[in-house]
Amino acid sequence: MSEEVAANNVDVAENEDVQAEEHRIPQPDKITNKDLMKSWFGWWWANEVPHTFDRMLAPAFCFGLIPTLKKLYKDKTELAKAFQRHLLFFNTQATWGGGTLTGVTISLEEARAKALANGEEPISEDMINNTKVGLMGPLAGIGDSIDSGTVQYIFIAIFLPFAQKGNFMGALLPFLCFAIATFTYGYYFTKMGYSLGRAAAKEIMTGGRMAGIIDGLGVLGLYMMGILAGQYIKIQSYLKFTISKKVFDVQDILNTILPGILPLFAVLMLYWYFQKKGLKITRGLVYLTIALVVLSIFYVI
Amino acid sequence: MHVTLSIWQALLIALWVALVESRILGFSTLTMRFSPLMTGMMVGFIMGDIKQAMIVTAAIQLVYMGFVAPGGALPAEPCIATAIAVPVALLGHMSPQGAIAIAVPVGLLGSYLYQFRFFLNTFALKPMDKYAKEGNARGLGFAIMGIPTLISFALFIPLMFIALYFGAPVISGLVANIEHGTLIHVLNSVGGGLAALGIAVIMQVIGKKQLLPFFFLAYFMSVAFAKLDISMTIYAIFGAIFAILYVTFTSKKSTN
């Protein structure tokens, strides 16, 4: 008789334990399209406002996630951990990179929050971070060349004749078209990222197709960077010297060896510096500026 | 004849520049920064001569056509350039070409101001980390949006106001002096070379050394085909095809 009571008491105690644990980490709210829109808008709005060389656009990404994270993590310490992990270095382009990754991250955070609440093994913080970091570079390379390099100038080119005639619509229309187009497809990317993300989370756990996708995006991102490097870095030598009455133009000589060698050299030096010393962007900027100033004062470039 | 902007005109233009350069109007400020058009329109409204302002601005736009900021580094600030050059051109009844001569050096100087903003924003990081650690969403939101915006306004409004209200005649004189000198050569060279930074940053962030041949392939394609004037869309299609081929062939290998 007394044994039964004791056993019942143990059962009750166990039940209380389970309840206490459930109480400690409450179930997350369901993520709706409205939440995705809120986060996309937050990122879109904050985008370049808190830009620094230390963290780049991480704070803006975190700003977009604030309302969603509040719905997912009712527990204060988990919420604080989520805020902190999204303030780590992050840099990408707004729509292709930021839109997609906002969606992917929300789906990963949702899976993590649910697992925590159910007492299952959650997706690790590292995995969330690695997914972001793995995708941000390739998507930035794609987005920079498409949004600011192509979409923007298509609209400007279409409406520039208005401006040349003195009509202010030549300014207003390209701006409106660019704003509406990028906001719309950025939101589409967010939704796509969200629905992909849940599958992607599983795939990353099992090491599946996702690695191939990241590689493919890396190829495209690096390829677009190569094109931009060739088209937008303007470094050439103005050095000329005379040997026995013959004028040598250094740039002409360089062109016969390898056209475009100087811009490539600049990029590779910086890349090599980052490989050696880690991503110290401010220092890279300072060294590059000093080198360019010194060389150009003496008209070497 | 000495014509200047009124205090209100100078202040309104300065405010507009601060709105654009702080990026507080969202991602679309990208095109307000990269393109002189919207700034030229606002200057036209403020100065009451939209038609002439747009004609001058369209000429400046041609200089900045195709400007992009790979990895976030723009070699010049067309918005700042236009906010100075268009008022100076309108007040001095200058040709669009004269306005371009002012816009280009001012734009180069402006890009340093924008880089300086990144540096000043660092001060917002400490409160950000503090509020994040506390799980304080409201405080975090303010540290991310409020502090950098205040920093930008404190940086751009006084500088632009002084330049416009006191400096418009000085600027055109100054620019005429440096137009062919070493200073403008240095500014041009630095502006032309800075794009290397953003590109190297993205290469490092992508972080896959075995994929670097695709960077070199693209680089030498764009150098070799420069005269063909191939559009970015065509290059993007090439890139996508290379990416698909790479993934197809490497994934086949791993299954065998």
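This briefing describes the two chains of a predicted model, the contact between them, and selected residues. Local features in this predicted model need pLDDT of at least 70, and side-chain atom pairs count only at pLDDT 80 or more, whereas totals for chains, interfaces and linings use all residues. Residues are numbered from 1 along each chain as its sequence is written, and chains are lettered from A, with ligands numbered from 1, in the order in which they are written.

**Chain A**

- The secondary structure of chain A comprises eleven helices and two strands, where helices (H or I, at least four residues) and strands (E, at least two) are DSSP runs numbered from the N terminus.
- Read along the sequence, the pattern of chain A is α-α-α-α-α-α-α-α-β-β-α-α-α.
- Of the 301 residues of chain A, 49% count as buried; a residue is buried if 20 or more other C-beta atoms lie within 10 Å of its own, exposed if 12 or fewer, and partly exposed in between, with C-beta atoms placed from the backbone.
- Among contacts in chain A between residues at least 6 apart in sequence, 74% join residues at least 24 apart; two residues are in contact if their C-beta atoms, placed from the backbone, lie within 7 Å.
- Chain A is divided into domain 1 (12-225) and domain 2 (236-297), with bounds that come from an automatic or database domain assignment.
- The C-alpha centres of domain 1 and domain 2 of chain A lie 37 Å apart.

**Chain B**

- Chain B has 13 helices and zero strands, in the order α-α-α-α-α-α-α-α-α-α-α-α-α along the sequence.
- The C-alpha trace of chain B spans about 80 × 55 × 35 Å along its principal axes.
- Buried residues make up 52% of the 256 residues in chain B.
- Of the contacts in chain B between residues at least 6 apart in sequence, 75% join residues at least 24 apart.
- The division of chain B is into domain 1 (7-200) and domain 2 (208-255), and the C-alpha centres of these domains of chain B are 34 Å apart.

**Contact between chains A and B**

- Chain A contributes 96 residues to the contact and chain B contributes 92 residues.
- On the side of chain A that touches chain B, at least two residues each are supplied by α2 (33-46), α3 (58-72), α4 (76-85), α6 (125-164), α7 (169-206), α8 (210-232), α10 (261-277) and α11 (281-297) of chain A.
- The largest share of that side of chain A, 18 residues, comes from α8(A).
- The residues on the side of chain A that touches chain B divide into 59 nonpolar, 29 polar and eight charged; Ala, Val, Leu, Ile, Met, Phe, Trp, Tyr, Cys and Pro count as nonpolar, Asp, Glu, Lys and Arg as charged, and the others, Gly among them, as polar.

**Helix packing in chain B**

- Helix α1 (residues 7-21) and helix α8 (residues 137-165) of chain B pack at an angle of about 145°, with their axes 8 Å apart; axes are lines fitted to C-alpha atoms, for helices over the stretch in contact, and angles run from 0 to 180 degrees between N-to-C directions.
- The crossing of α1(B) and α8(B) is right-handed; a crossing is left-handed if the near helix is turned anticlockwise from the far one by less than a right angle, and right-handed if clockwise.
- Residues making this contact include B:I7, B:L11 and B:A18 of α1(B) and B:F153, B:M160 and B:Y165 of α8(B).
- The residues of the contact of α1(B) with α8(B) divide into 15 nonpolar, one polar and one charged.

**Nonpolar core**

- The largest nonpolar core has 171 residues, and those with the most contacts inside it are B:V17, B:A85 and B:A196; such a core is a set of buried Ala, Val, Leu, Ile, Met, Phe, Trp, Tyr and Cys residues joined through C-beta atoms within 7 Å.
- The largest share of this core, twelve residues, comes from α8(A).
- Leaving aside neighbours within four places in sequence, B:A85 is in contact with B:I60, B:A99, B:I102, B:A103 and B:V106.

**Selected residues**

- A:G64 lies in helix α3 of chain A and counts as buried because 29 other C-beta atoms lie within 10 Å.
- Apart from neighbours within four places in sequence, A:G64 is in contact with A:S39, A:W40, A:G42, A:W43, A:A46 and A:T102.
- B:Y219 lies in helix α12 (residues 212-224) of chain B and counts as buried because it has 25 C-beta neighbours inside 10 Å.
- Leaving aside neighbours within four places in sequence, B:Y219 is in contact with A:G226, A:A229, A:G230 and A:L264.
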